[in-house]
Amino acid sequence: MALKIDMHTHIMPKHVPDWSSKFGYGTFIHLDHHRPGYARMMQGDKFFREIEANCWDEQLRIDEYARYNTQVQVVCTIPVLFAYWAQPTDGLTIARFLNDHIADIAARLPKHYVGLGTVPLQDVDLAIQELERCKSIGMKGIQIGSNVNQKNLSETIFEPFWQAVESLDMAVLVHPWEMMGQDDMKKYWLPWLVGMPAETTRAICSLIFSGVMERYPNIRFNFAHAGGSFLPTIGRIEHGFNCRPDLVAIDNPINPREYIGKFWVDSATHDPMLFKYILDLQGADRVTLGTDYPFPLGDLEVGKFITDMNLPQHVIDAVFCDSTLSWLKLDRNQFV
Ligand SMILES: [Zn+2]
């Protein structure tokens, strides 16, 4: 059976400390195990969402993946757990707890799990400290949010962080969260359906226009949900760059289209026509199988829509495996 890797999945520990009591403030996430096989994710007293045991049960997850001939899951935390809003040292405590949990799974089940860390980006020095520790406990990369307390990733405050990411050779998954405008569009699940693709576009444009991608060409970025609306709207973004360079090209004179294919995006499009377009733009070696498992908006048949597209085998091999191996600098033999 060919090796198949899903590089965008979320996991959390079955039990998390009561951080709100421990730190004395805030609405930190905890789980209320109210019935067997399910838990309520609570933000303080507020119900966030119900999750199933496949959010924390590593063996159950392996069994569910076996149904879709998928051996390896790259796991990272659930963005609502980033807690960038917390006091920096508390954010570090939470990141360490979550990273130790993920590193332990990857160490015990190395043929099935690869871990990505989280870092307290509300404090760049502490984020770098935890980034170094992530590397030392065997992680190949980290997941970060599309904004940090509504600061864009273009902010100069993050410059030392990008330097550290590049010099430590850590991969970066950028995931949408804290969606812009969410308070103005609570109905119809619009933060997820409209806000998330826009958030990812915000992140990519910020990294390109500020010159981060130009100054740190060796950082291996991967953007969730096929890069959100960035690739579908690249024509507009490029046209804006050309017609109003006084607004757009002020920090980086290079056309944004030139960066396509230099970063990776995942496959979570739910749409063969869009996926074909993404493949045409990025090239198959810059598109990775990513599902957002185990959440309902995810591609929970783990790439079945891709298998059904009658793509050439080398394209399937790239998306299902080789692109992720190169993004995370993994050796195929570790999974055999
Ligand atoms: Zn996700």
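Predicted model: local features only at pLDDT ≥ 70, side-chain atom pairs only at ≥ 80, totals over all residues.
Student: Which residues of helix α11 are called buried, and what makes them so?

Tutor: Within α11, residues 272-282, they are Phe275, Ile278, Leu279 and Gln282. The cut-off is 20 or more other C-beta atoms within 10 Å of a residue's own. These four are classed as buried, so each meets that cut-off.

Student: How do you know that the buried residues of α11 line one face?

Tutor: Look down the axis of α11: the buried residues fall within an arc of 100 degrees, so they line one face of the helix. The general rule is that an α-helix has 3.6 residues a turn, so residues three or four places apart point the same way.

Student: Which exposed residues sit on the face of α11 turned away from its buried side?

Tutor: Met273 and Asp280. Exposed means 12 or fewer such C-beta neighbours, so both fall under that heading.

Student: What do the buried residues of α11 pack against?

Tutor: Their partners are α8 (224-227), β10 (264-266), β11, α12 (304-307) and α13 (313-328).

Student: Why are β5 and β6 called paired?

Tutor: Pairing needs at least two bridges. Three bridges join β5 (residues 72-76) to β6 (residues 113-117), so the two strands pair; they run parallel. Gln73 stands opposite Tyr113 in β6. Helix α3 (residues 88-108) packs on the sheet and touches β5 and β6. Its direction makes about 160 degrees with that of β6.

Student: What makes β1 and β11 edge strands?

Tutor: The open sheet has eight strands in the order β1-β5-β6-β7-β8-β9-β10-β11, paired in parallel. β1 (5-10) and β11 (287-288) each pair on one side only.

How values were computed:
Residues numbered from 1 in each chain as written. Contact = placed C-beta atoms within 7 Å. Axes fitted to C-alpha atoms, helices over the stretch in contact; angles between N-to-C directions. Arc of directions from axis to C-beta.
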